[in-house]
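I opened my notebook to keep track of what I looked up, one entry at a time. Have the sequence and the 3D view ready and follow along with me.

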Amino acid sequence: MPMLGDSAAAALMSCFDSLDIYGQSLACMALGMMRVVEARDMIWRYFERVRDDDDIGYAVGALWGLLDLDDPRADEAIAHLLKHDRDFPEPYGFAARGGGVQSIAPLLDRLVITTESPTYKSEIQDVLMALAGVMARVGEETMRTELSNFTERTDSLESILAGLRD
């Protein structure tokens with residue numbers, strides 16, 4: 001799609017409201033791939049409308065668009081999906097790529113779940129890598145503050161979090 005240029009982006013944006021929900025999800029991804037910065041608000045409004053739908057794929061399409069456009073609201077979107085335990089493909093990859101301060105607490109909550117439940121033990125490394133990606137974006141001091149706030153609520157993660165801080 002990027003090779004189609006500005007006219008394709010304009011056409012897609014002008015017909016966005018007439019598309020069905022699935023088409024709008026695909027349009028969000030395409031507009032992100034085409035780097036249509038003007039589409040950020042439209043994609044965000046779409047995300048807000050579909051984020052709690054039964055079919056999580058619609059929200060994921062919008063999230064892809066927000067991430068491709070480096071929209072700072074992608075952090076809020078990721079945090080929302082993690083907090084509300086929405087199962088979607090690659091939650092930790094999305095968090096590593098676009099998560100920020102708002103994603104830290106839900107990721108730490110997921111870390112508690114993965115360390116305390118044998119069912120989710122295989123996800124520990126994924127959660128830690130997502131937190132490392134977030135730390136690369138927000139900075140070590142911000143991460144330290146968020147981690148210290150979280151560890152005041154629970155001591156069960158102290159050894160894992162100490163390793164992440166280091």
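This is a predicted model: local features need pLDDT of at least 70, side-chain atom pairs count only at pLDDT 80 or more; totals for chains, interfaces and linings use all residues.

**Entry 1: the largest pocket**

I looked up which helices line the largest pocket, and helix H5 (73-83), helix H6 (91-98) and helix H7 (101-116) each give at least two residues to the lining. Helices here are DSSP runs of H or I with at least four residues, numbered from the N terminus. H7 contributes the most to this lining, with five residues.

I noted a volume of about 260 Å³ for the largest pocket. Its lining has 14 residues, and the closest to the centre are Asp85, Tyr92, Arg110, Tyr120 and Glu123. A pocket is an open set of points on a 1 Å grid over the protein atoms alone, where a 1.4 Å probe fits, with protein on both sides within 12 Å along at least five of seven lines; lining residues have an atom within 4 Å of a point. The volume is the space filled by probe spheres set on the points, which are joined across faces, edges and corners.

I then sorted the lining by type: seven residues are nonpolar, one is polar and six are charged.

**Entry 2: a note on the model**

Residues are numbered from 1 along each chain as its sequence is written, and side-chain values use heavy atoms, with hydrogens and water left out.

**Entry 3: the whole protein**

I found 10 helices and zero strands in the protein. Of its 166 residues, 47% count as buried, meaning under 20% relative accessible area with a 1.4 Å probe and protein chains only; exposed means over 50%, and partly exposed is in between.

**Entry 4: threonine 114**

Where does threonine 114 lie? I found threonine 114 in helix H7. Threonine 114 is buried, with a relative accessible area of 1%. Setting aside neighbours within four places in sequence, I listed its contacts (heavy atoms within 4.5 Å): Tyr120, Lys121, Glu123, Ile124 and Val127. Tyr120 and Glu123 were also on my list of residues closest to the pocket centre.

**Entry 5: the cysteines**

How many disulfides are there? I counted zero disulfides, taking a disulfide as a pair of cysteine sulfur atoms within 2.5 Å. Cysteine 15 is partly exposed, at 27% relative accessibility, whereas cysteine 28 is buried, at 0%.

Key
Ala, Val, Leu, Ile, Met, Phe, Trp, Tyr, Cys and Pro count as nonpolar, Asp, Glu, Lys and Arg as charged, and the others, Gly among them, as polar.
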